[in-house]
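Reader: I'd like to go through a few backbone and packing details with you. Could you take my questions one at a time?
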Amino acid sequence: MRRTLLRPFSAALLQSPQRLLPLTSLNNVFSPPNIGLRPSFTSNSRWVFTNYLPPPEWIEPFSDVSGLVSSPETFKPSPWVSQILNLLDGSPNMEANLDSFCHNFLVKLSPNFVSFVLRSNDIRGKPDIALKFFTWASKQKKYSHKLECYVSLIDCLSLSNDLDRVKLVFSEFKQKGYLMTGPGANSLIKSFGGLGMIEELLWVWRKLKENGIEPSLYTYNFLVNGLVSSMLIESAERVFEVMENGKIGPDIVTYNTMIKGYCKVGKTQKAMEMFRIMEVRNVEPDKITYMTLIQACYSEGDFDSCLSLYHEMEEKGIEIPPHAYSLVIGGLCKDGKCVEGYAVFQNMIRNGCEANVAIYTALIDSYAKCGSVEEAINIFERMKNKGIKPDEVTYGVIVSGLCKSGRLDEAMEYFEFCRGNGVTVNAMFYSSLIDGLGKAGRLDEAEKLFEEMDLKGCPRDSYCYNVLIDALAKFKKIDEALALFERMEDEGCDPTVYTYTILIDGLFKGHRNEEALKLWDTMIDKGITPTAASFRALSMGLCLSGKVARACKILDELAPMGIIPETAFEDMINALCKAGRVKEACKLADGIVDRGREIPGRIRTVFINALRKAGNAELATKLMHSKIGIGYDRMGSIKRRVKFRNLVEC
């Protein structure tokens, strides 16, 4: 009687792939030696080898160390994880390599293993590989994906904003009819919220409720964030109200999400109200709260609120990130408050936070615009001494400041330095220099730089054209200015309202009234909205040429367009008085009343000041002590308005 004893495989051996031999080697080991047609056995023979192999074993992402590890957090992935991850290279042979590996080592990947691999950092950001691996795993014998596998894949795909494939995978997921879990719902809501997939997000929320699972704080926060990300602020508000009135109250994350939502839709005031509610509910705001609000206030130009929020952070000892300093300093500098901006800058340095090139540039620009060019240059030198390399914007504001203060030679030196040291010379450099040279009457140099821009491949914008046109017009080279205007249009650079204002003013000063009026009509026909400055140039030109009625008519034509320059009449009266045409100014003022309009009280002051400046003190005193412009003469039961023309007729 032959006795056959088969030695079974140990599961422990399969836990370490480094010690395993491939299947071909195993076959060789277990195959009996070929020593004849009929093998002979001795009486001492204890083993009989066969070609039988055990079935593949399911492997898990963690080794079974239940007797050694007291906390799940200390689990380490099994060696199989790294082996599988090495095979996920996205190559055309990836699936074949996985098949071969699992066949050789007699293993199959469990759903837990597949889910763990899909969530690993090696796969995140690689949606194609994740999907291929997911599809391959589903083809294993006697295998079916669990809910966690789909959740992990959707999470991976959502990180790459792969909306189409997320919808495809989710459609398959819904057909499986899995029982929803809390962690699974949290992950899905987070993924769908980030992608703006509101229908899918709400489906998960309903399933959570249907399965009787009470949402956790994390679930609520993911839901609120998803609604906010999709700009559904009203829906987010309803969820927030449920939290306030329910067992699970909102925390700092919930408040920050709501504040972020209000800021995204431009409801900064509502965000500030939510911020104050936090204080009432004893929820302490953190630096994220303050940063969100500071960013929103900065975007709206509310720089005072930026400063107030910054001071609150200081008082509460909350860490102020560099970006907050940048916004507060930048806002103060934009508001022309360079001294206050510099004070915040000093606090920043004292608190050990280094300023970047943008902060230094904002301070330099602010001081230069306030006329403190020396202080701007001192900050510029301090910046360089700190080892911070100025960029083209920094050099640009230095050049601009020097040009505006008339220090053109110094500005040219910086300009030449930039050209010789690889600093990009942009349109801002050229425009500042052309403007400065033009205002100083150095028109030849200004025109030379203007032409150089084209040769250097630096595009000329409307601002660059405007400063040169302005210089030519101011020095009575109106024909050259008009020629440049035509060239501007030919080169595809659209004129602005400022371009037309310069030329209209220049034409009127050159007594070319009809050309000025024609240019005004061209501007209106092109749909360019006149400004108070452009109408002032037109009306003053018409008034000084004796065409007051024409100016009033054009003003009436602007009203249906929604353009009502508030100081139009004041400007016209002021211009007439300065030119010594007091009678015409009085007639214009009375005409305002005759047209059914009220005369502002300040018109009387304009008259008095204009008369005094024109040297007509007698009429100014007479007007000061009269009722003209402020009251009525009563003749019996009849009230009669006192007219300005009585001033010169009596």
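Reader: Is leucine 106 buried or exposed?
Author: This is a predicted model, where local features need pLDDT of at least 70, side-chain atom pairs count only at pLDDT 80 or more, and totals for chains, interfaces and linings use all residues. Residues are numbered from 1 along each chain as its sequence is written, and side-chain values use heavy atoms, with hydrogens and water left out. Leucine 106 counts as buried because its relative accessibility is 9% (buried is under 20% relative accessible area, exposed over 50%, partly exposed in between, with a 1.4 Å probe and protein chains only).
Reader: And what is its phi?
Author: Leucine 106 has a positive phi of about 55°, although it is not a glycine.
Reader: What about lysine 476, buried or exposed?
Author: Lysine 476 counts as exposed, at 77% relative accessibility, and its phi is also positive, near 60°. Lysine 476 sits in the loop between helix H25 (462-474) and helix H26 (478-490), where helices are DSSP runs (H or I, at least four residues) numbered from the N terminus.
Reader: Switching to packing, how do the axes of H19 and H20 cross?
Author: The axes of helix H19 (residues 357-369) and helix H20 (residues 373-385) come within 7 Å and cross at roughly 165°, the axes being lines fitted to C-alpha atoms over the stretch in contact, with angles from 0 to 180 degrees between N-to-C directions. H19 and H20 are therefore roughly antiparallel to each other (a term for angles over 145 degrees).
Reader: Which residues of H19 make the contact?
Author: On H19 they are Val357, Tyr360, Leu363, Ile364, Tyr367 and Ala368, and the H20 side includes Ile379 and Phe380, with contact meaning heavy atoms within 4.5 Å.

Note on methods:
Helix = DSSP H or I, 4+ residues; strand = E, 2+ residues; numbered from the N terminus. Parallel < 35°, antiparallel > 145°, perpendicular 65-115°, else oblique.
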